[in-house]
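Trainee: Could we go through the charged side chains of this structure together? I am new to it and would like to take it step by step.

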Amino acid sequence: MAPRSELRDVPRHHPTTQRTTMATPSKTPPGADPKQLERTGTVREIGSQAVWSLSSCKPGFGVDQLRDDNLETYWQSDGSQPHLVNIQFRRKTTVKMLCIYADYKSDESYTPSKISVRVGNNFHNLQEVRQLEMVEPSGWIHISLLDGANSPIRTFMIQVAVLANHQNGRDTHMRQIKIYTPVEDSSMGKFPRCTTVDFMMYRTIR
């Protein structure tokens, strides 16, 4: 029996006639602020260890705005789709999660609606590992990056591709991207969790 939201009852003198209504896609729910994840001591942000580049950008709306930890600023593309964010590490790196901040309320047709995440050694052998569609997102979107064994991916490069925007918008706005690696236990056992920058500086033995 179809849910009431999809089918409506009609008068009894037309027993075989039913009128359908189109279901409205649910808005994409936001995830937790990544800073809350960092405070648990189980992951750390490693975006500063990578070289970032973009397929295009408006002057003053580039990588710096994408990485300034300010939700009021944003990267704005200035070219044809797909719009690309390229994140390249100097060595093979373990990556567990990608967090993207999008704000449909502010950006409307500039807001991404379909995103592809690709990984590889370089531009020539990237493979898609995740594709997601978003409906009017307003907040942090958490994208897990796990392999077939449910383990964090190891890669030299991540590419975030915006394949489509809401309302068929041409250019895109993306306000922040953060990349997280798991914090591994040491051979001596797990250290106490560090919650301040000062403590984190001295939590490993050199």
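Trainee: Is Asp78 buried, partly exposed or exposed, and which value decides that?

Mentor: This is a predicted model. In it, Asp78 counts as partly exposed because its relative accessibility is 36%.

Trainee: Which side chain does Asp78 meet in a salt bridge?

Mentor: Asp78 meets the side chain of Lys58, with 3.6 Å from N to O. Lys58 sits in the loop between β4 (50-54) and α2 (63-66), while Asp78 sits in the loop between β5 (75-76) and β6 (83-95), so this pair ties together parts that are 20 residues apart in sequence.

Trainee: And Lys58, buried or exposed, or in between?

Mentor: Lys58 counts as partly exposed, since its relative accessibility is 29%.

Trainee: Why would such side chains pair at all?

Mentor: Side chains of opposite charge can pair when their charged atoms come close.

Trainee: How many salt bridges does the count come to?

Mentor: The count comes to seven salt bridges.

Trainee: Let me move to Lys178. Which side chain does Lys178 meet in a salt bridge?

Mentor: Lys178 meets Asp69, at 3.1 Å from N to O. Lys178 belongs to strand β13 (residues 176-182) and Asp69 to the loop between α2 and β5, so the two tie together parts that are 109 residues apart in sequence.

Trainee: Where do these two stand, buried or exposed?

Mentor: Lys178 is buried, because its relative accessible area is 10%, which is under 20%. Asp69 counts as partly exposed, at 42% relative accessibility.

Trainee: Which residues are linked with Asp69 in a network?

Mentor: Lys35 and Lys178 are linked with Asp69 in a network of salt bridges.

Trainee: What about Lys114, which partner does it have in a salt bridge?

Mentor: Lys114 forms a salt bridge with Glu133, and their closest N and O atoms are 3.7 Å apart. Lys114 is in strand β8 (residues 112-120) and Glu133 in strand β9 (residues 127-133), so the bridge ties together parts that are 19 residues apart in sequence.

Trainee: Are Lys114 and Glu133 buried, partly exposed or exposed?

Mentor: Lys114 is partly exposed, with a relative accessible area of 26%. Glu133 is exposed, because its relative accessible area is 60%, which is over 50%.

Trainee: Changing topic, which residues form the positive surface patch?

Mentor: The positive surface patch is formed by Arg44, Arg91, Lys92 and Arg154.

Trainee: Where does Arg44 lie?

Mentor: Arg44 lies in strand β3 (residues 43-45). Arg44 counts as partly exposed, at 32% relative accessibility.

Methods: Residues numbered from 1 in each chain as written. Predicted model: local features only at pLDDT ≥ 70, side-chain atom pairs only at ≥ 80, totals over all residues. Heavy atoms only, no water. Patch = residues over 30% accessible without salt bridge, like charges linked within 9 Å, V, L, I, M, F, W, Y side chains within 5 Å. Areas by Shrake-Rupley, 256 points an atom, 1.4 Å probe, with all protein chains shown as cover. Salt bridge = Lys/Arg side-chain N within 4 Å of Asp/Glu carboxyl O. Lys, Arg positive; Asp, Glu negative; His and termini not counted. Charge placed at Lys NZ, Arg CZ, Asp CG, Glu CD. Helix = DSSP H or I, 4+ residues; strand = E, 2+ residues; numbered from the N terminus. Buried < 20%, exposed > 50% of the residue type's maximum accessible area, 1.4 Å probe, protein only.
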